[in-house]
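Trainee: I should like to learn how to read a few features of a protein model. May we look at one together?

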Amino acid sequence: MKKILIIYTGGTIGMDYTAQGLTPVPGLFKSQIDTLDPIPDVQLDLIEYEELIDSSDICLEHWQRMIKDIADNYEMYDGFIIIHGTDTMAYTASVLSFALRGLDKPVVLTGSQLPLVHRRSDGWNNLIDALFAANRSDLNEVAIVFNNKLLRGCRAQKVSTYRFFGFDSVDEEPLAEFGITMNWFTKRWLKATRFSFAPVMPKPAKILDLSMRPGFTTDFIIDTLNNTELDAVVLQTYGSGNIPIHNLALVDALKAAVARGVIIVNITQVIEGRVSNDYASSCLHDLGIISGCDMTIEAALAKLLVLLSNGMSIMNIKAAMSENIVGELTES
């Protein structure tokens with residue numbers, strides 16, 4: 001018999017309607033899933049967090065606990081489901097993708113746009129699809145199940161607040177689609193690594209996400225780079241990785257930060273596509289800036305966090321940022 005551990009951290013799926021609005025209710029999620037018909041040859045166990053988390057409150061300590069809960073139970077279970085709020089689910093999925101090094105079983109995140117107590121809740125389908133995904137012995141990665149799709153965790157982003165189509169993975173095809181039949185696109189799945197499971201516990205790091213905005217942020221970014229102690233910056237640039245290259249104060253600030261050992265990663269603001277060197281204003285590698293290829297902002301931040309937590313040298317972190325580690329980027 002297979003065993004799947006459900007870790008209920010909070011989120012809309014287990015909330016109820018109150019005079020103050022939707023609120024987490026301890027025990028409500030368990031009472032709802034207890035109504036599901038048993039899955040043959042699958043044992044489900046549940047860990048419910050004592051303080052249920054509104055996902056907008058997610059922080060480093062919560063990620064550390066999720067990693068520890070998976071690590072402590074790793075040998076006892078064949079798969080894991082993390083029930084999570086949708087607002088920051090993509091961030092958590094990205095952190096877990098990099099932190100759960102050597103993963104050789106499924107870790108599936110899911111939640112819902114409407115709580116299970118609502119008659120039209122999307123949570124039931126998401127939860128059932130997550131159970132099928134977590135039961136796959138050949139799924140060796142972190143994934144998100146939402147709206148009939150299985151998405152790579154470090155590729156997914158929240159795209160809607162009001163549709164059941166809450167998440168998408170623009171630059172990566174789904175890992176599975178759940179319709180009348182379940183279509184498992186196993187050729188897209190990560191292969192099991194040759195490394196044994198050895199999770200990396202993320203540690204505090206000074207990482208900033210700075211986004212270029214014409215006429216608004218350039219001076220702020222210059223001031224931040226010149227006057228803030230930083231480990232790394234994710235710079236969200238225009239188009240295929242462009243900046244106002246003729247702004248010499250900005251160029252000098254970027255060069256000076258790199259010279260001080262700040263790791264700067266170039267990520268495009270555009271939803272689909274990647275940074276490139278097609279334009280003179282996108283040749284940021286000449287300034288010592290690392291290409292983030294087609295990583296999402298969530299993946300870039302998570303990857304920096306975990307690499308910095310792993311005690312790697314700056315040179316090795318820079319090299320790793322452009323390498324495909326867990327399917328987070330499309331190699332040229």
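Trainee: How far is the sulfur of Cys154 from the closest cysteine sulfur?

Mentor: A disulfide is a covalent bond between the sulfur atoms of two cysteines. A pair of cysteine sulfur atoms counts as a disulfide within 2.5 Å. Here the closest cysteine sulfur to that of Cys154 belongs to Cys293 and lies 13 Å away, too far for a bond. Cys293 is accordingly in no disulfide, and a search of the whole structure finds 0 disulfides. Please note that this is a predicted model, in which local features need pLDDT of at least 70, side-chain atom pairs count only at pLDDT 80 or more, and totals for chains, interfaces and linings use all residues. Residues are numbered from 1 along each chain as its sequence is written, and side-chain values use heavy atoms, leaving out hydrogens and water.

Trainee: Is Cys154 buried or exposed?

Mentor: Buried means under 20% relative accessible area, exposed over 50%, and partly exposed in between (1.4 Å probe, protein chains only). Cys154 has a relative accessible area of 1%, so Cys154 is buried. Cys293 also counts as buried, because its relative accessibility is 8%.

Trainee: What span should helix H7 have?

Mentor: Helices (H or I, at least four residues) are DSSP runs, numbered from the N terminus. The expected span is 1.5 Å times one less than the number of residues. For the 13 residues of H7, residues 297–309, this gives 18 Å, and the end C-alpha atoms are 18 Å apart, which agrees.

Trainee: How many residues of H7 are buried?

Mentor: In H7, 12 of the 13 residues are buried, including Ile297, Leu301 and Ser309. Just after H7, Gly311 takes a positive phi of about 75°.

Terms used. Helix = DSSP H or I, 4+ residues; strand = E, 2+ residues; numbered from the N terminus.
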